[in-house]
Amino acid sequence: MNVARLTLDPAFRIGSIDRRLFGSFVEHMGRCVYTGVFEPGHPRADDLGLRQDVLELAREMGVTLVRYPGGNFVSNYRWEDGVGPRESRPTRLDLAWRSIETNQFGLSEYMAWVRRLGAEPMMAVNLGTRGLPEALDLLEYCNYPGGTEMSDRRIKNGDLQPYGIKLWCLGNEMDGPWQIGHQTAAEYGRKAAETARAMRRLDPSVELVACGSSNRQMPTFGAWEATVLEQCYDQVDYISMHAYYQEHDGDTDSFLASAVDMDAFIDDVVATADHVRAKTRSEKKLRISFDEWNVWYADRFPGESALEWQQAPRLIEDEYSVVDALVVGTYLISLIGHADRVAIGAQAQLANVIAPIRTEPGGPAWRQTIFHPFAQAARFARGEALRVEPVAPSIETKKYGAVPALTAAASYDAGSGSAALFAVNRDRAEPIELTVDLRALPGATLRAHHVLSDDDHRATNTQQNPDRIVPRVIAGGEQTGQITVTLPPASWNVLEISAPE
Ligand code: AHR
């Protein structure tokens with residue numbers, strides 16, 4: 001058996017874990033909105049057509065924030081199409097996903113949904129086919145109390161109180177040639193700066209996110225962030241990151257190690273932002289909005305141009321295995337481990353489209369395997385992220401060389417005195433005997449050891465067998481001072497550690 005050890009000490013603080021780290025993403029894409037979160041006529045739909053079964057699952061998942069309405073979709077979206085009486089909303093062609101958009105779900109449905117969820121809204125403006133004037137109209141519609149054209153339009157549409165949306169994305173993936181209205185870094189940087197300046201003039205309380213690169217493999221990655229930030233550093237609060245990973249050619253070990261790339265990606269963006277900070281003599285330390293991340297089997301997607309015009313087509317409805325859940329767990333560990341710089345996270349997406357929640361039209365909703373590590377991290381990662389410095393054996397991977405078999409992150413909540421350790425054993429054959437030094441938390445005990453694993457690493461949750469893969473508690477009890485647990489091969493683990501009496 002492999003052995004590993006680490007230390008959990010509140011003195012080794014990384015930074016506070018922002019609750020916004022546990023966000024999600026609802027895009028008008030495939031069946032995320034239509035027959036996902038919204039399905040009038042469904043037996044569980046409420047007065048607005050919002051599916052209560054999906055809302056309940058999103059609540060159980062612990063989603064704290066929801067980015068909307070895209071994604072690529074936003075870059076050719078007219079927000080005005082989605083407000084006002086539903087019967088007079090236009091049907092349009094969405095060029096991003098070659099889909100027919102009925103606009104039956106729009107801004108007020110989203111705001112009602114996000115409030116019923118108890119989460120924070122995060123709105124993206126269209127900087128592809130549109131720009132500053134339309135972003136200002138939207139902000140005025142959302143946040144200005146009343147007595148002006150746009151705010152009165154909101155009131156007339158039934159929403160008397162301003163929405164008070166704080167978080168705004170200045171476009172989406174503007175570096176990507178696939179983006180409608182794609183721009184160079186210099187063009188986008190200027191547009192982002194001018195839009196941000198004007199939006200702040202209208203509402204100084206907004207927090208603004210500039211688009212970083214669409215992924216680390218983009219040929220412009222690094223230069224894009226530097227050029228964009230040189231123009232808008234002082235005007236924005238966050239730079240965005242997006243990353244999707246998948247298993248290639250059956251190379252499971254490299255896939256299980258892919259958070260190594262995510263860690264390096266975050267470090268690169270932080271370094272670039274700090275370089276611009278030095279150059280611009282700014283006082284401000286920019287933080288990261290990792291507002292799209294997940295496992296996505298992109299090789300199975302035929303590409304936007306191959307799609308037929310349809311309403312709410314079944315797009316990228318990946319079915320996730322145990323391995324995928326562990327990989328998602330390693331990304332959550334990466335985000336928690338960078339709590340000092342990553343302030344916002346949004347797993348993409350929430351329902352059906354590469355999603356933790358699956359639904360059938362007129363039918364049930366269920367939890368995919370990847371639902372569980374997210375739900376546990378959102379529930380237990382409270383307070384401060386701690387540096388744990390695991391000492392563990394390595395596994396050899398084709399893509400990343402030698403990678404630690406154990407990846408882990410921890411949190412400590414001084415208020416309740418409780419701590420949590422999140423750990424993935426990447427070794428598919430060998431368990432790890434892990435010793436956790438708790439001397440800095442006198443009297444703390446292991447309340448529970450939660451595990452997600454299965455002998456069949458490819459097992460999934462399906463409509464017929466929705467709870468085939470669920471976390472289970474395998475240990476708990478009286479260990480104090482130093483605890484020793486066994487992490488099964490290929491497993492996601494949460495050690496819930498309770499406060500001293
Ligand atoms: O989440 C799916 C798509 O991935 C988003 O629309 C886009 O921003 C990214 O490329």
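Let's call a residue buried when under 20% of its relative accessible area is left, exposed when that is over 50%, and partly exposed in between (1.4 Å probe, protein chains only). Helices (H or I, at least four residues) and strands (E, at least two) are DSSP runs, numbered from the N terminus.

This is a predicted model, where local features need pLDDT of at least 70, side-chain atom pairs count only at pLDDT 80 or more, and totals for chains, interfaces and linings use all residues. Residues are numbered from 1 along each chain as its sequence is written, and side-chain values use heavy atoms, leaving out hydrogens and water.

Start with helix H10 (residues 371-380): nine of its ten residues are buried, so the rest of the structure largely encloses it. Among the buried ones are Phe-371, Phe-374 and Phe-380.

Now for the domains, whose bounds come from an automatic or database domain assignment. That gives domain 1 (2-10 + 385-498) and domain 2 (18-252 + 287-332 + 346-380).

| Domain 1 and domain 2 | Value |
|---|---|
| Distance between centres (C-alpha atoms) | 31 Å |
| Buried area | about 2300 Å² |

Of that area, 64% is on carbon and sulfur atoms. On the domain 1 side, Arg-458, Gln-463 and Trp-492 lose the most area to domain 2.

Two salt bridges (a side-chain nitrogen of Lys or Arg within 4 Å of a carboxyl oxygen of Asp or Glu) are counted between the domains.

How values were computed:
Buried area = accessible area lost by both parts, 1.4 Å probe.
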